[in-house]
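Please brief me on the fold shown here. Cover the overall dimensions, the sheet, the helix packing and the backbone details.

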Amino acid sequence: MDVDNRRLVSCMVRAMQGEELTLGFLGGPITQGSLASRPEHSYAENVYRWWKETFPNAHFQYVNAGVGGTDSHFGTARAKRDLLEKDPDVVVVDFSVNDLPEKHFQETFEGLLRKILGWHSRPAVLVLNNVYYDTGKSAQDLHNQVAGHYQVPWVSIRDTVYREMAGGVYAMGELTADGLHPNDFGHGLVAREVIRYLEEVKQEAQKQGVCGIVKNGWIFAEERKLPEPLTRNGYEHAVYLDCRNSFPELSGFVPDAREEMYRGDFFRNGWIGKKKGNGICFEVECSCLAIQYRKAVGGRACIAGITVEREDGSGKSKGETIGNGVMLDGNFDEDWGDCLYLQELLRYRDRARYKVRIEVTKEGEIPFYLLSLIVA
């Protein structure tokens, strides 16, 4: 593949010189460490240890921004808050199993890559393609078209570990208990492939340093500007609205301003509705809109309804109601845990101001939990 490794080479030269670097990992459940017995057995922490052991004179900060059950649509909205504000130097991005292999997610993935690549710390980016071990399913082909467009390198688990499994080197049960999320051994193999690529780049970094074309950790070559987008690119500037940065009209819903207590404690900073008739109303300007709420296991959660009305310039409704009758069912029919569910409401409507009204229509033992609106 035709890639531009200058950012990654520069980071490695800086590490050789004993500087401080921040390593970030942004993705879904596998990045979070799902089914690893301990966080230190996840692929992300294995890769983090490689950096520390390979460059013992450097100082590293580790940021794991993996969130289980989420895709790149949510990723591009939360990237700034969860990762980029920490000014990462290296970012591994992995959404290939939570994104569906369709054009919408190619577009949201491109928005995410552009947001990371354009951040002022100019991080080096490595795309990781995980895979469903039971089916071989992955969004990697569409993701890697985007990565190739920006000359960003990628590491494919479908083309390496999965292929070895299919060839009889491993049984699926040795790698994963559920056909998707790796166990400790599987995480180790994912890390092996990432590290294999990093080792190749390290050899290049050693040559660059010896040749004297690196000064103070930076390669003397004009960094090329980002090319024109491959897709329509409507999500690069997506914004995540929760109770920390949005103040909707409340009619019974209450904000949940508790801070996250531990990694994986994601149901925070949203709004809670408990009783039938409890409502919440947002006014947002956008052309793309999605809502994120909790689906809880057990069949005991509240259900809400939602309407979206387009306003005219005076703030009055134009009479166009979108999503009337859409049900937001807080009940999850899986058993692996509560889900951060993302439901798209608008895609490329006219950019306008919209009123978004949510109302609890059926009570349950578990309150309706609205996590965010994502607007673009």
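**Briefing**

Gly-18 comes after helix H1 and has a positive phi, near 80°. Helices (H or I, at least four residues) and strands (E, at least two) are DSSP runs, numbered from the N terminus. This is a predicted model, in which local features need pLDDT of at least 70, side-chain atom pairs count only at pLDDT 80 or more, and totals for chains, interfaces and linings use all residues. Residues are numbered from 1 along each chain as its sequence is written, and side-chain values use heavy atoms, with hydrogens and water left out.

**Overall dimensions**

- The protein has nine helices and 18 strands.
- Along the principal axes, the C-alpha atoms fill a box of roughly 70 × 50 × 35 Å.
- Of the 376 residues, 56% are buried. Buried means under 20% relative accessible area, exposed over 50%, and partly exposed in between (1.4 Å probe, protein chains only).
- Among contacts with a separation of 6 or more, 81% link residues 24 or more positions apart. Contact means heavy atoms within 4.5 Å.

**The five-stranded sheet**

- Five strands form an open sheet in the order E2-E1-E3-E4-E5, with parallel pairing. Two strands pair if DSSP finds at least two bridges between them.
- Strands E2 (59–66) and E5 (154–156) stand at the edges; each has a single partner strand, so one side of each lacks a neighbour in the sheet.
- On average, neighbouring strands of this sheet are turned by 15° against each other, direction ignored. Axes are lines fitted to C-alpha atoms, for helices over the stretch in contact, and angles run from 0 to 180 degrees between N-to-C directions.
- E1 (residues 20–27) and E3 (residues 90–94) run parallel and are joined by five bridges. Phe-25 stands opposite Val-92 in E3.
- Helix H4 (residues 72–82) packs on the sheet and touches E1 and E2; its direction makes about 145° with that of E2.
- Helix H6 (residues 140–149) also packs on the sheet, touching E4 (124–129) and E5; its direction makes about 165° with that of E4.
- Eight bridges join E1 to E2, again in parallel. The bridge partner of Thr-22 in E2 is Gln-61.
- Seven of the eight residues of E1 are buried, so the strand is largely enclosed by the rest of the structure.

**Helices**

- The axes of H5 (residues 103–117) and H6 come within 9 Å and cross at roughly 35°.
- On the H5 side, the contact includes Phe-105, Phe-109 and Leu-113; on the H6 side, it includes Leu-142, Val-146 and Ala-147.
- H1 (residues 6–16) is mostly covered, with nine of its 11 residues buried. Among them are Arg-7, Cys-11 and Arg-14.
- Gly-186 lies in H9 (residues 184–211). This glycine counts as buried, at 1% relative accessibility.
- The C-alpha atoms of Gly-186 and Thr-176 are separated by 6.5 Å, with the two residues 10 apart along the chain.

**Strand E14**

- All nine residues of E14 (residues 303–311) are buried.
- Both faces are covered: one side includes Ile-303 and Glu-309, the other Ile-306 and Arg-310.
- Eight bridges join E14 to E17 (residues 352–362), and the two run antiparallel. In E17, Tyr-354 is the bridge partner of Arg-310.

- Asn-233 is not a glycine, yet has a positive phi of about 60°. Asn-233 sits in the loop between E7 (218–219) and E8 (239–241), and counts as buried at 14% relative accessibility.
- Tyr-348 has a positive phi near 55°. Its place is in the loop between E16 (339–346) and E17. Tyr-348 is partly exposed, with a relative accessible area of 24%.
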